[in-house]
Amino acid sequence: MQMIIDLKTIPGEGKKYFSYTLDRGWWSPGEDDYQIESIETPISVELTIYRVERKYVLDGTFKGALGVSCDRCLEPYRQEIEAEFNYFLVPTTGDSEKDELELVEEDIEVVFIQDDKVNLNEIIREQLFLSLPVKCLCRADCLGLCAKCGCNLNVNSCECIKAQGHPAFATLNKLKN
Ligand SMILES: [Zn+2]
Ligand SMILES: [Zn+2]
C-alpha cells in the first residue's frame, strides 16, 4: 500500500486528518529488522498534519498487534502495541549544514522532506519498532533455549539441565535458600 502524502494538499489553516488500516500484506520484513515477523491484528493508524510556517507537524497514533519473536526462545508470539508519535516535517534546504541546524533547534524528531511529499511507510515502520518493549518475551517466565543443545525449554526438557542445572533454576534455588 502506498502511503505517500502530498503536503501541498495540507491547508494553510486548520488540520488535515488521515486514517489507514495496515493489514498482514502491508508488512515486509527488512534485512536487519528480524524482530517483527508479521501483523497479527490490523494496525489502525490515525494522523493529523498541519502547517507551522514552512514546516509541518505530524501527530499520530496507532494500535494493533504484531507477531514478534521472543528474545529468549526466538518463537513468534503476539505483542499488543499502542503508541503516539510526533514529527516535524521539514522541507530540506538542500544544504546539509542548514538542515543540521534545524535538527538541533527542534525538540521533536525531524524528518526532512523533498518535493513536499512524505513517505509514511518509513515513519510507521520506525514507530512500530520503537513501540516494542525493551525486552520482547512470549511470557514473563519464558525459559528460553538451552545454552548447550538449543532446545526450547518451554516445550522440551533436555539432559543438559539435569546434568548441570539451568541458570533459571539455579537462580530460583538461590532465592529459596
Ligand atoms: Zn519465549
Ligand atoms: Zn540442552
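Q: In which loop is the place of aspartate 116?
A: This is a predicted model, where local features need pLDDT of at least 70, side-chain atom pairs count only at pLDDT 80 or more, and totals for chains, interfaces and linings use all residues. Residues are numbered from 1 along each chain as its sequence is written. Helices (H or I, at least four residues) and strands (E, at least two) are DSSP runs, numbered from the N terminus. Aspartate 116 sits in the loop between strand 6 (110-113) and strand 7 (117-119).

Q: Why does aspartate 116 count as partly exposed?
A: A residue is buried if 20 or more other C-beta atoms, placed from the backbone, lie within 10 Å of its own, exposed if 12 or fewer, and partly exposed in between. Aspartate 116 counts as partly exposed because its C-beta neighbours inside 10 Å number 14.

Q: What is the phi of leucine 74?
A: Most residues other than glycine have a negative phi. Leucine 74 lies in the hairpin of strand 4 and strand 5, which has 6 residues between the strands. Its phi is positive, near 70°.

Q: Over how many bridges do strand 4 and strand 5 pair?
A: Two strands pair if DSSP finds at least two bridges between them. Glycine 64 stands opposite isoleucine 81 in strand 5. The sense is antiparallel, and the count of bridges is 14.

Q: Which residues have the most contacts inside the largest nonpolar core?
A: Such a core is a set of buried Ala, Val, Leu, Ile, Met, Phe, Trp, Tyr and Cys residues joined through C-beta atoms within 7 Å. The largest has 21 residues, and those with the most contacts inside it are Val45, Leu58 and Leu89.

Key:
Chains lettered and ligands numbered in written order.
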